[in-house]
Amino acid sequence: MFEFLQKVWLPLLIILLAFLYGHFTKNFDYWKKKGVFYFEPVFLFGNIKDRILFRKAFHQFWLDTYRSMKGHKFVGFFEGRKQTLVVLDPEVINHVCIRDFSHFVDRPTLELKYPLHQRQLLNLKGQEWKKVRSLLTPAFSSGKLKIMEPLLRQCGKQLKQYLEKATDGENGAIFDMKELFGHYTMDAIATIAFGIQTDSLQNPDSEFIKSASRLTSLTIFKRLMTFFVLLFAPRLTKYLPISFANQDVMNFLASVVKDTIRHRESSNEKRADFLQMMLDANAEAKAAQKSEDGSDRSQFVMDETTIVAQSVLFMVIGFDISSSLLTFASYELALHEEIQQRLRQEIVSALEKHGEENIYEAVQDMPLLEMVFNETLRKHPPLAKIDRACTDDYTIPDTSIVIDKGVHVCIPVLGLHYDPEYYPEPEKFIPERFSPEEKSKRSPYVFLPFGIGPRNCVASRFALLSTKVAMVYLLKNFEISICEKTQIPYKYSRFTMLLKAEKGIWLNIKPL
Ligand code: HEM
């Protein structure tokens, strides 16, 4: 037997390698056959070798990729062996994300075996997505956000009180801004999505805060396994213990939501938070299900797992992304003192006019704050690209090119945001680019921090309101400046897909 193996191992190895090579390269002529301009892919990596080998940060990779594609309306690309069409042209983006959305309803996220992951809006597909999205959307209307305003004001006050204690009137104190704002946004999501009042800055040892902070902590083994399965065998994800968030923490968070739901059911207690909006929307749909018209509306109702999955999702994506906006807005304001001063004046006069208790109205009356946030999201979008999966064969308008069902489509957000054709001197921080006059001169499809179309960020208004409230409390009472630890310009971290500065963003905060 041993002798036999000694004789055959080499031919067997050659056959295996030939099979793998054939498998991983068999569709490499896909774009050529379609007549689409494409970049020559390489075995195993497709066109993302620099990313897979961590030679480049995710944001840098997509910025460079866009620049190398500039001049084409769309370009054929391979992520591993997966065919992806990268769309650069604003009008084609409009078609994919809005006008012909029915062909691109899904996001190409992976199927995992955990229901708490599968039932999240971000990952739902087709009709299921449509149903949950239509139930959730009203919960983020301006009327509902106004009701939630006192909860956010409470979080803003907590931030201010903590900073008053932690800073020295003379020299201020130095903070890792991502960490500081992470506490604020965690409190904001805890209160609106979990119905829990937390104060993670003053009380970091509460069980909820300690657990939630570990949400994205995964062992190196799990990270590597996820990475390789994603790349080489994505169809296996639903059978393996693959996850992007710590499952123990997800389960803990789910138990908190379930307990809160039970408590509200038994006590009839109501609270002006997002969890309540979901429960009410569901109760309304259930009542309508029994209405006299006899129509079956059961498809409009969410089960408990789906409700819980949304609260968990908001914690998974909401707190990190929102704290990123606050971090990079502070960074730009520290670098641009004159803009910081103008913004502070605007905040003070709007609060005088509307009163702090009407902070919702006051922030609507702060056009410079809106422009500063937009310019921050242009220069530092938390997500470098957005993706869609083609769900129905689609012919690109004015061409005979058909995108087949199953092909991925990528919109390179960061590249568009740094394209000098749309934003001259893109490295410069110029909030006035977002004045109504300047905006009207540009296509709306070249500013996409929240995505676009029916599948855009469902919580963009909440995200902007909650971050604006934090910025109001910060700038009204404190001055932000750079310090010896501030890295200028900062470098992208190579180990995350969401925007992160390699060495953190460190700034000095001093009471006024
Ligand atoms: C500054 C903060 C935020 C930014 C820049 C942001 C950005 C985005 C982007 C780019 C997408 C993908 C859109 C697309 O594919 O077209 C998205 C989706 C989503 N975001 Fe946000 N987001 C932010 C905050 C939040 C917060 C705070 C929450 C929850 C409370 C949230 C919940 C969601 C959900 C549920 C989706 C999936 C929507 C769907 O598939 O229908 N986001 N977000």
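Reader: At what angle do helix H14 and helix H17 pack, and how far apart are their axes?

Author: Two packed helices are described by the angle between their axes and the distance between the axes. Helix H14 (residues 304-335) and helix H17 (residues 367-379) pack at about 105°, with axes 9 Å apart. Axes are lines fitted to C-alpha atoms, for helices over the stretch in contact, and angles run from 0 to 180 degrees between N-to-C directions. Helices (H or I, at least four residues) and strands (E, at least two) are DSSP runs, numbered from the N terminus. This is a predicted model: local features need pLDDT of at least 70, side-chain atom pairs count only at pLDDT 80 or more, and totals for chains, interfaces and linings use all residues. Residues are numbered from 1 along each chain as its sequence is written, and side-chain values use heavy atoms, with hydrogens and water left out.

Reader: How are H14 and H17 oriented to each other?

Author: Angles under 35 degrees count as roughly parallel, over 145 as roughly antiparallel, 65 to 115 as roughly perpendicular and the rest as oblique. H14 and H17 are therefore roughly perpendicular. H14 brings Leu325, Leu326, Phe328, Ala329, Glu332 and Leu333 to the contact; H17 brings Val372, Phe373, Thr376, Leu377 and Lys379. Contact means heavy atoms within 4.5 Å.

Reader: Which classes of residue make the contact of H14 with H17?

Author: Ala, Val, Leu, Ile, Met, Phe, Trp, Tyr, Cys and Pro count as nonpolar, Asp, Glu, Lys and Arg as charged, and the others, Gly among them, as polar. This contact has eight nonpolar, one polar and two charged residues.

Reader: At what angle do H14 and helix H15 pack?

Author: About 110°, with the axes of H14 and H15 (residues 337-354) 5 Å apart. H14 and H15 are therefore roughly perpendicular too. Leu333, Ala334 and Leu335 in H14 meet Glu337, Ile339, Gln340 and Leu343 in H15. By class, that is five nonpolar, one polar and one charged.

Reader: How many residues does the largest nonpolar core have?

Author: A nonpolar core is a set of buried Ala, Val, Leu, Ile, Met, Phe, Trp, Tyr and Cys residues joined through side-chain atoms within 4.5 Å. Buried means under 20% relative accessible area, exposed over 50%, partly exposed in between (1.4 Å probe, protein chains only). The largest core here has 158 residues. Phe208, Leu253 and Met315 have the most contacts inside it. H14 gives the most to this core, with 15 residues. Leu253 touches Phe194, Phe208, Ala212, Leu215, Val312 and Met315, leaving aside residues up to four places away in sequence.

Reader: In what order do the three strands of the open sheet lie?

Author: Strands of a sheet pair through backbone hydrogen bonds, either parallel or antiparallel. Here the order is S3-S9-S8, with antiparallel pairing. Two strands pair if DSSP finds at least two bridges between them. S3 (173-176) and S8 (478-482) are edge strands with a single partner each, so one side of each has no neighbour in the sheet. Four bridges join S3 to S9, and five join S8 to S9 (residues 506-511). Phe478 stands opposite Pro511, and Ile482 has Leu507 as its bridge partner.

Reader: Which strands does helix H20 touch?

Author: H20 (residues 460-477) packs on the sheet and touches S8 and S9. Its direction makes about 90° with that of S8.

Reader: Where does Asp176 lie?

Author: In strand S3. Asp176 stands opposite Trp506 in S9. Its relative accessible area is 21%, so Asp176 is partly exposed.
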